[in-house]
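Hi,

Here is the structure I promised to pass on.

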Amino acid sequence: MGMDFDQIFEAIKADEQNASYTQAGIDPLYTAAAGARIVIIGQAPGQVAQDTRIPWNDKSGDRLREWLGMDRDTFYDPNLVSIMPMDFYFPGHGKGGDLPPRKGFAQKWHPQLLALMPNVRLTVLIGSYATRRYLGLKSKDKLTDVVRNYRDYLPEYFPLVHPSPRNQIWMKRNPWFEKDVIPDLQRHVSEALS
């Protein structure tokens, strides 16, 4: 018999891969509950999220909630929305921003958590790490093309670019995203929550 949510949380903390975080008093940052209807899978918590213990607690999160057409109360209700990044810990800073999520982390913990969430109707994949893992993409596959062809992955998955303010140039180059993709995303989110 598998573990329950509390046992998985404790197992993640006890895993030697996460020992340095646990020793520093840093818990894994994700939300999950049996009633969740939407799962949001992004990269990894940022520094602000880890420091405040609130995922997507920054400008990127504000934009993501706007894209989803979702208020903060709904977004942070684990019985409606599960937030499971590809790594549950802030990976540190690199030259061009945050470091990538650690390899193998999501493969180890996501299936155990997802098995306890039978009501999921939609999984929103944010950024290249989540889309590559869940859609089985090749390295040559461009995220812009995947997002443009989002209908190919419905009804199970809805791929998105990262809502970071750093993506302003991408947004300007791809006006179809806000015009066509966002309204459809909001419709699918609304249907999944109803």
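The side chain of Thr 131 reaches the backbone oxygen of Gly 127 at 2.9 Å, which makes a polar contact (a pair of N or O atoms within 3.5 Å; within protein, one must be able to donate a hydrogen and the other to accept it, and residues adjacent in sequence count only if both atoms are side-chain atoms). Before you read on: this is a predicted model, where local features need pLDDT of at least 70 and side-chain atom pairs count only at pLDDT 80 or more, while totals for chains, interfaces and linings use all residues. Residues are numbered from 1 along each chain as its sequence is written, and side-chain values use heavy atoms, with hydrogens and water left out.

Back to Thr 131, which sits in helix H7 (helices are DSSP runs of H or I with at least four residues, strands runs of E with at least two, numbered from the N terminus). Its relative accessibility is 1%, so Thr 131 counts as buried (under 20% relative accessible area; exposed is over 50% and partly exposed in between, with a 1.4 Å probe and protein chains only). Beyond its neighbours within four places in sequence, Thr 131 is in contact (heavy atoms within 4.5 Å) with Leu 125, Gly 136, Leu 137, Leu 143 and Pro 159.

Pro 159 brings us to E6, where both faces are covered: Tyr 157 and Pro 159 are buried on one side, Phe 158 and Leu 160 on the other. E5 and E6 run parallel and are joined by 4 bridges (strands pair if DSSP finds at least two). Val 124 stands opposite Phe 158.

Then there is H4. Since 7 of its 10 residues (59-68) are buried, this helix is largely enclosed by the rest of the structure. Trp 67 and Leu 68 are among the buried ones, and the buried residues of H4 pack against E1, H5, E5, E6, H9 and H10. At the start of H4, a side-chain oxygen of Asp 58 comes to within 3.2 Å of the backbone nitrogen of Ser 60. Just after the helix, Gly 69 has a positive phi of about 70°.

On to the pockets. A pocket here is an open set of points on a 1 Å grid over the protein atoms alone, where a 1.4 Å probe fits, with protein on both sides within 12 Å along at least five of seven lines; lining residues have an atom within 4 Å of a point. Volume is the space filled by probe spheres set on the points, which are joined across faces, edges and corners.

The largest pocket has a volume of about 780 Å³. It is lined by 33 residues, and Gln 43, Ala 44, Gly 46, Asp 98 and His 162 are the closest to its centre. H3 gives the most to this lining, with 3 residues.

The second largest pocket holds about 230 Å³. H7 turns up again here, with the largest share of the lining at 4 residues. H6 also supplies at least two.

Last, Val 120, in the loop between H6 and E5. Val 120 is partly exposed, at 26% relative accessible area, and touches Ala 36, Arg 37 and Val 39, not counting residues up to four places away in sequence. Val 120 and Leu 80 are 40 residues apart in sequence and 8.9 Å apart in space, C-alpha to C-alpha.

Cheers
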